[in-house]
Amino acid sequence: MNYVVKLNVGGQGLYDVTHKVIELVNSAGLDEGLITLFIRHTSASLLIQENADAAVRRDLENWLNRLVPEDDALYTHTLEGPDDMPAHIKSALTAASLSIPVSEGALMLGTWQGIYLWEHRHHRGEREIVMNLMRSNW
């Protein structure tokens, strides 16, 4: 089963989508199986990361922004703004999809893990994540 979840983002940053994934698993009645998430964009990504201390997310953002700066003279793809090419590079360095096992109706995430959409552009807008649910037939 495939579902498309639309999310509004307010600019660069990590957006916790764990609750959306849990809602989908619950509403679909998935007891045992696998959920795969895929982001339909080339300037945003998906991440499983620490969900308890917001400093972790800020540090990740700061580190990636330092690694891939805006306005680098090497960029030739500049028509869509100074954040566009860096967003494509950041997306290439991170993940476009995630797979998470489901057991007894719950995501098998670790205690401090959350699922994030990582927006790499400054713009505000809508992003889409495709969520595929696969039931175990055992």
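## Sheet, core and loops

Strands E3 and E8 run antiparallel and are joined by 7 bridges. Both belong to a predicted model. In strand E8, Arg135 is the residue that stands opposite Gly33.

The pair is part of an open sheet of 5 strands, in the order E1-E8-E3-E5-E6, with antiparallel pairing. At its edges are E1 and strand E6 (106-107), each of which pairs on one side only. Helix H1 lies across E1, E3, E5, E6 and E8, and runs at about 40° to E8.

The largest nonpolar core has 23 residues, of which Ile35, Leu37, Leu107, Ile115, Leu117, Ile129 and Met131 touch the most other members. Two or more residues each come from strand E1 (2-9), helix H1 (18-28), strand E3 (33-39), strand E4 (44-50), strand E5 (97-103), E7 and E8. The element that gives the most to this core is H1, with 4 residues.

Leaving out residues up to four places away in sequence, Ile129 touches Tyr3, Val4, Val5, Leu7, Val17, Leu37, Phe38, Ile39, Leu46 and Leu117.

Two loop residues can be described next. Gly11 is in the loop between E1 and strand E2 (13-16), and Arg121 is in the loop between strand E7 (113-119) and strand E8 (125-135). Their relative accessible areas are listed below.

| Residue | Relative accessible area | Class |
|---|---|---|
| Gly11 | 5% | buried |
| Arg121 | 13% | buried |

Arg121 counts as buried because its relative accessible area of 13% falls under the 20% cut-off. The value for Gly11, 5%, is also under 20%, so Gly11 is classed as buried.

Which residues does Gly11 contact, apart from its neighbours within four places in sequence? They are Glu119, Arg121, His122, His123 and Arg124. Gly11 and His120 are 109 residues apart in sequence, while their C-alpha atoms are 7.7 Å apart in space.

With neighbours within four places in sequence again left aside, Arg121 is in contact with Gly11, Gln12, Ser43, Glu80, Asp83, Asp84, Ala87 and Arg127. One of these residues, Asp84, also has a polar contact with Arg121: their side chains are joined at 3.2 Å.

Methods: Residues numbered from 1 in each chain as written. Predicted model: local features only at pLDDT ≥ 70, side-chain atom pairs only at ≥ 80, totals over all residues. Heavy atoms only, no water. Buried < 20%, exposed > 50% of the residue type's maximum accessible area, 1.4 Å probe, protein only. Polar contact = N/O pair within 3.5 Å; in protein donor to acceptor, adjacent residues only side chain to side chain. Contact = heavy atoms within 4.5 Å. Core = buried A, V, L, I, M, F, W, Y, C linked by side-chain atoms within 4.5 Å. Pairing = 2+ DSSP bridges. Axes fitted to C-alpha atoms, helices over the stretch in contact; angles between N-to-C directions.
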